Amino acid sequence: MSANIIDGKQLSASIKEQLTAEIAQLKGRGIAVRLATILVGADAGSTVYAQSQAKTSAAIGIDHVLVHIDGSAGQAALETKIQELNSDPTVSGIMISMPLPKRYDAGRAQNLISPMKDVEGTGAANLGAIFQGDFTMAPCTAAAAYKCIHSQPALAVKGAEVVIVGRSTIVGKPLAMMLVQDHATVTVCHTATKDMIAHCRRADILVAAAGKANLITVEYVRPGAVVIDVGINRVNVTDASGAVKAKTVGDVDYDSVSNAASWITPVPGGVGPVTVAMLLNNTVQAAKKLKVKS
Ligand code: NAD
């Protein structure tokens, strides 16, 4: 059996199409949809991420502002900038490009962003809202995995056994609460879990979010299960000519697992593109709530 593909690129494109129309409508009503990305220092990954945010935002009509802070400025300068953006009536969404330089406290900075403008959904208030059943500003990656599961009407969540491998604050924990709210029975596995295969093999829906290339092999998967691969890992592979090349893979051994699963998200092209779309979606939801005049 070869699994059906949950196509993240297609799903992302359709979300962006809807958002483009919504943004045009909001702007027509004089409501600003403006995302500020704070970039601290010059870390290459962080810079690429911020630049990519600028590009994807502009492509659907979101105004994007890159706020650059010198790497040596310090935590207090970062916090002052966050407070300024919180009270800036022209800004509807704020995000911090990660990773921050070492001596910055990312969690403290994230919690300072006004919950209304916290479009990454990683501040304590928005995480807490998930416990109350409000997913409006859920962390983008958890929201993307959730969206992938719900993108297929044939996939029943109510009553399903869901197993999530990974308990991070941006993926495993919030996703577990979201699926419990949808009446699934959820198990969260982590590095101290005993007999992980036994847990995973019970899953109707198995979510891999550990950050370990090819951790989930076919032995972990009940035939017919739905497999959502959140992992993004760079590995070296040797091609037929003996050349070593870097490749992006997920946490799931795709070749073997796709022969056992009923549905699967590929990597790349699965949860990743939907995560980007969910950030844009959160930005639009924030703008709608704030109704900031442009
Ligand atoms: P993290 O390191 O914060 O958390 C990983 C979790 O997995 C931890 O809870 C840990 O206990 C668990 N874990 C690690 N190894 C394990 C093992 N061998 N067995 C069982 N549990 C194990 O990582 P994160 O930020 O949650 O990211 C997880 C993965 O998702 C990474 O590959 C990351 O690159 C990827 N990611 C993808 C997107 C996307 O858009 N698709 C976005 C963010 C992160």
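Domain bounds, as used here, come from an automatic or database domain assignment. On that basis the protein, which is a predicted model, is assigned domain 1 (30-119) and domain 2 (140-274), and the C-alpha centres of domain 1 and domain 2 lie 29 Å apart. The protein has 10 helices and 11 strands, and its radius of gyration of 20 Å is close to the 19 Å that the globule rule gives for 294 residues, so the protein is as compact as a globular protein of that length.

**Overall dimensions and packing**

- Taken along the principal axes, the box filled by the C-alpha atoms of the protein is roughly 55 × 45 × 35 Å.
- The accessible surface of the protein comes to about 13,300 Å², and carbon and sulfur atoms account for 56% of that surface.
- Of the 294 residues in the protein, 48% are buried.
- Among the contacts in the protein with a separation of 6 or more, 69% are between residues 24 or more positions apart.

**The six-stranded sheet**

- An open sheet is formed by six strands in the order E1-E11-E8-E7-E5-E6, and the pairing is parallel.
- Strand E1 (4-5) and strand E6 (185-189) are the edge strands of this sheet, each of them pairing on one side only.
- Within the sheet, strand E7 (residues 205-208) pairs with strand E8 (residues 226-229) in the parallel sense, over four bridges.
- Ile 205 has Val 226, in E8, as its bridge partner.

**Cysteines**

- Zero disulfides are found when the whole structure is searched.
- Cys 148, accordingly, is in no disulfide, and the nearest cysteine sulfur, that of Cys 140, is 13 Å away.
- Cys 148 is also buried, because its relative accessible area of 0% falls under the 20% cut-off.
- The sulfur of Cys 189 is 4.9 Å from the closest cysteine sulfur, in Cys 200, which is too far for a bond because a disulfide requires the two sulfur atoms to be within 2.5 Å.
- Cys 189 is likewise buried, with a relative accessible area of 1%.

**Asn 86 in helix H3**

- Asn 86 is found in helix H3, which covers residues 75-87.
- The relative accessible area of Asn 86 is 17%, so this residue counts as buried, given that buried means under 20%.
- When neighbours within four places in sequence are left aside, the residues in contact with Asn 86 are Ile 94, Leu 112, Ile 113, Ser 114 and Lys 117.

**Ile 170 in a loop**

- Ile 170 has its place in the loop between strand E5 (161-165) and helix H7 (172-181).
- With a relative accessibility of 42%, Ile 170 counts as partly exposed, because that value lies between the 20% under which a residue is buried and the 50% over which a residue is exposed.
- Not counting residues up to four places away in sequence, Ile 170 touches Thr 122, Pro 139, Thr 141 and Ala 142.
- Ile 170 and Gly 123 are 47 residues apart along the chain, and their C-alpha atoms are separated by 10.0 Å.

Technical notes:
Residues numbered from 1 in each chain as written. Predicted model: local features only at pLDDT ≥ 70, side-chain atom pairs only at ≥ 80, totals over all residues. Heavy atoms only, no water. Helix = DSSP H or I, 4+ residues; strand = E, 2+ residues; numbered from the N terminus. Buried < 20%, exposed > 50% of the residue type's maximum accessible area, 1.4 Å probe, protein only. Contact = heavy atoms within 4.5 Å. Pairing = 2+ DSSP bridges. Rg over C-alpha atoms; globule rule 2.2 N^0.38 Å. Areas by Shrake-Rupley, 256 points an atom, 1.4 Å probe, with all protein chains shown as cover.
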